[in-house]
Amino acid sequence: MELLKHFLFDTQIGFVIWTLLKIVAIAVPLILSVAYMTYAERKVIGYMQIRVGPNRVGPLGLLQPFADVLKLLLKEIIAPSAASKGLFFIAPILVLMPALAGWAVIPFFPGLVLADVNIGLLYVMAITSLGVYGVIIAGWASNSKYAFLGAMRAAAQMVSYELAMGFALIGVMMVSGSLNVTEIVNQQAHGAAGGSVFSWNWLPLLPLFVVYFISGLAETNRAPFDVTEGESEIVAGHMIEYSGMSFALFFLAEYMNMILISAMATVMFLGGWLSPFPSSVPFLGAPSFIWWFLKCALMLFFFLWARATFPRYRYDQLMRLGWKVFIPVTLVWIVVVGAWMQTPLSLWK
Amino acid sequence: MTSVVIFYIFAAVLLLASLATITAKNPVHAALYLMLSFFSGAMLWMLMKAEFLAVSLVLVYVGAVMVLFLFVVMMLDVNFEELRKGFWKHVPLAVIVAVIMVFEMVTILTHKAADLPNARMPEPAAGYNNARVLGNLIYTQYFLPFQLAAALLLVGMIAAIALTLRKRKNTKYINPADQIAVKRDDRVRIVKMNAEARPTVGEQPAVDEQQPNA
C-alpha cells in the first residue's frame with residue numbers, strides 16, 4: 001500500500017497514471033450520462049407530445065441506450081469513394097476531443113477537479129471553440145453538397161454565437177474577479193444576499209445568463225438552432241455521409257457539449273455545489289455534489305424543453321438574433337455591471 | 001527533464017506542420033497544418049508558463065481566425081498549380097531574403113548582449129497569476145499603448161467592412177420589425193355584402209360562360 005502510494009504520488013510515471021485514472025473517473029460517468037441523456041430526451045419529448053417514448057428494451061425502456069449503442073457498433077462504416085479519406089475519419093475525433101477536454105477544469109466539488117487552473121474559464125472557451133473544426137472538416141471531406149452546406153452553416157453560426165457567449169462570460173469574470181472556476185463558485189457563496197439563492201450570479205446577471213443559455217443552444221446546434229442539420233432541407237448536414245460508429249461519435253460529442261454547457265451554466269450562474277437552503281437546515285443546507293447534479297439536470301431539461309417547444313429558426317433570423325440582439329444586450333449589461341460594481345450598492349464586495 | 005522532452009516533441013511538430021503548410025498541394029490541408037502549427041506554438045508558450053498567452057492564441061487564432069480562413073479557402077476555387085508556376089523564377093530572391101533573415105537572427109542570438117547560454121526562465125513567485133499580472137500591466141503601465149492598439153483594430157475593422165459592404169438594390173430580405181408591426185387590416189379586407197339567395201328547386205342555375213367542357 002505504502003509502495004503504491006509512493007509510486008502514484010512521487011514518481012513521474014505514477015503521476016501520469018494517476019492523472020489518467022482521474023480522466024477515466026470523469027469520462028466513464030460522462031459517457032453513461034450521455035447514454036441516459038438520449039433516453040431522457042426521448043422520454044421527455046414523448047411525454048410532451050402525449051406519447052410514452054421508448055418502453056420495450058428492459059424495464060421502462062431503461063436499456064434502450066445500450067441497444068442503440070450495440071446497433072451503431074454493428075453497423076458498417078462507409079466512406080464515400082470521392083471523400084478525402086484521412087480527414088473524413090479524423091473529423092469525428094476532432095469533434096469529440098474538445099467536448100471531452102473541456103471537462104478538465106469543471107469542478108464538481110471544492111478540490112474535486114482534474115485541473116484547478118487559474119485560467120479555467122478561458123480554457124473552456126478556447127477548447128470549445130475548437131469543436132467547429134470537426135464539423136467543417138466533416139463537411140468538406142465528405143465531398144457532398146449537403147454536407148458542405150451544413151458545415152458552412154455550422155461554421156458561421158458557431159463563430160457568431162461564440163462572441164455572445166464570450167461576452168456573457170466576461171460579466172461573470174468581472175463580478176468574480178477570477179478566471180478560476182472553483183473561485184467563481186466560492187464567490188457566489190457570499191455577497192450582499194448572504195450566499196442564498198439570490199446571491200448566485202443568475203439573478204444580478206440575468207440577461208447574461210439568458211444569453212449564455214440560448215447561445216449554448218446555438219453552439220451545440222440544438223433545436224431551435226439546428227439549421228446545421230436541418231432534416232427538411234439538407235438532410236443531416238455535415239453528418240450525412242457518416243454511418244455506424246463514426247456517426248455515433250458526432251452524436252456523443254453533441255450530447256457531451258450539451259452537458260458541458262449545462263455544467264458551465266451550473267458553476268457560473270447557479271452556484272455549483274452550493275445549497276439553495278440556508279446552512280442552518282441539516283443535510284439539505286450543506287453544499288454537496290447532489291446540488292451540482294440537480295442544477296445540471298435542470299439545465300439539461302431546458303435543452304430538451306426547448307427542443308420540444310420551438311420551431312426551427314430561419315437562417316437569417318438566427319444570425320440577426322446573434323449579432324443584433326445578443327451581442328448588444330451583453331455589451332450593455334457588462335457596462336451596467338461595471339458601473340454597478342463601483343457604486344456603494346455593489347453586491348460583490 | 002520531462003519538459004525538455006515535451007519541448008522537443010512540440011517543437012518538431014511545429015516545424016513539420018509549418019513546413020507542410022507551405023508544401024501542401026491542397027489549400028485546405030495547408031490551412032489545417034497552419035492551425036496545427038499555431039496550436040503547437042501555443043503549447044510551447046504553455047510550457048514557458050505563459051498560460052494566458054497560450055490560451056489566447058488558441059482562442060483567437062485557432063478558434064476564430066483560422067475558422068474564417070478555412071471557410072474562405074473552402075469556398076474559393078483557386079487553382080494553386082497555376083499560382084505555383086512562377087516558383088523557380090522567384091527562388092533566387094527568396095533565398096536572398098532568407099539568408100539575410102538568418103544572418104540577422106544568428107547575429108543577435110550569438111551576441112554577448114543576448115547571453116543566451118546563461119538565460120534562465122525566472123521562477124514565478126508562489127500564487128503567481130499570469131492573467132492578473134498581465135492585466136495589471138496593460139491597464140496601468142501600458143494603458144495608452146493598449147488603447148491605441150484597440151483603436152487601431154477598431155479602425156481596421158470599420159475600414160474592412162466599409163470597403164467590402166455593398167448595398168445591393170435587388171435583395172429581398174425581410175425587415176423583422178416590419179413583419180411584427182403588421183396588423184390584420186394591412187393584409188385582409190373584410191367586405192360587407194348581402195348574402196345571395198339559394199337557388200330554388202326547378203330553377204336552373206345561371207350557366208357560367210367560362211365553364212370548361214360545357
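The model is predicted: local features need pLDDT of at least 70, side-chain atom pairs count only at pLDDT 80 or more, and totals for chains, interfaces and linings use all residues. Residues are numbered from 1 along each chain as its sequence is written, while chains are lettered from A and ligands numbered from 1 in the order in which they are written. Chain A and chain B touch: 20 residues of chain B are in contact with 17 residues of chain A. Here, contact means that two C-beta atoms, placed from the backbone, lie within 7 Å.

**Where the chains meet**

- On the side of chain B that touches chain A, two elements give two or more residues: helix H3 (51–75) and helix H6 (130–139) of chain B.
- H3(B) provides the largest share of that side, with 13 residues.
- Helices (H or I, at least four residues) and strands (E, at least two) are DSSP runs, numbered from the N terminus.

**Domains of chain A**

- Chain A is assigned domain 1 (1–74) and domain 2 (81–342). Such bounds come from an automatic or database domain assignment.
- The C-alpha centres of these two domains of chain A lie 20 Å apart.
- Their contact takes 17 residues from domain 1 of chain A and 15 residues from domain 2 of chain A.
- Helix H2 (12–48) and helix H3 (64–74) of chain A each supply at least two residues to the domain 1 side.
- H2(A) gives the largest share of that side, 14 residues.

**Domains of chain B**

- Chain B is assigned domain 1 (1–115) and domain 2 (130–167).
- The C-alpha centres of domain 1 of chain B and domain 2 of chain B are 24 Å apart.

**Annotated transmembrane regions**

- In chain A, an unreviewed UniProt entry gives the annotation "transmembrane region" to residues 15–39, 87–109, 121–141, 161–179, 199–218, 247–269, 289–309 and 321–341.
- In chain B, an unreviewed UniProt entry gives it to residues 6–24, 31–48, 54–78, 90–111 and 142–165.
- UniProt positions follow the numbering used here, feature names are shortened, and annotations may be inferred rather than shown by experiment.
- Residues 161–179 of chain A are 84% helix and 0% strand, with end C-alpha atoms 21 Å apart.
- Residues 289–309 of chain A are 100% helix and 0% strand, and their end C-alpha atoms are 30 Å apart.
- Residues 31–48 of chain B are 94% helix and 0% strand, with 26 Å between the end C-alpha atoms.
- Residues 90–111 of chain B are 95% helix and 0% strand, with 32 Å between the end C-alpha atoms.

**Helix pairs**

- In chain A, H11 (residues 244–269) packs against helix H12 (residues 289–309) at an angle of about 125°, with axes 8 Å apart. That makes H11(A) oblique to H12(A).
- Axes are lines fitted to C-alpha atoms, for helices over the stretch in contact, and angles run from 0 to 180 degrees between N-to-C directions.
- Angles under 35 degrees count as roughly parallel, over 145 as roughly antiparallel, 65 to 115 as roughly perpendicular and the rest as oblique.
- Residues of H11(A) that meet H12(A) include Met258(A), Ile259(A) and Ser262(A); among their partners in H12(A) are Trp292(A), Lys295(A) and Cys296(A).
- In chain B, helix H1 (residues 2–23) and helix H2 (residues 27–47) pack at about 155°, with their axes 8 Å apart. H1(B) is therefore roughly antiparallel to H2(B).
- The H1(B) side of that packing includes Phe7(B), Phe10(B) and Leu14(B), and the H2(B) side includes Tyr33(B), Leu34(B) and Gly41(B).

- Gly244(A) is in helix H11 of chain A. Gly244(A) counts as partly exposed because it has 15 C-beta neighbours inside 10 Å.
- A residue is buried if 20 or more other C-beta atoms lie within 10 Å of its own, exposed if 12 or fewer, and partly exposed in between; C-beta atoms are placed from the backbone.
- Not counting residues up to four places away in sequence, Gly244(A) touches Leu72(A), Lys75(A), Glu76(A) and Ile77(A).
- Ile50(A) is not a glycine, yet has a positive phi of about 55°. Ile50(A) sits in the loop between H2 and H3 of chain A. With 6 other C-beta atoms within 10 Å, Ile50(A) is exposed.
- Leu60(A) is not a glycine either, and has a positive phi of about 60°. Leu60(A) lies in the loop between H2 and H3 of chain A. With 14 C-beta neighbours inside 10 Å, Leu60(A) is partly exposed.
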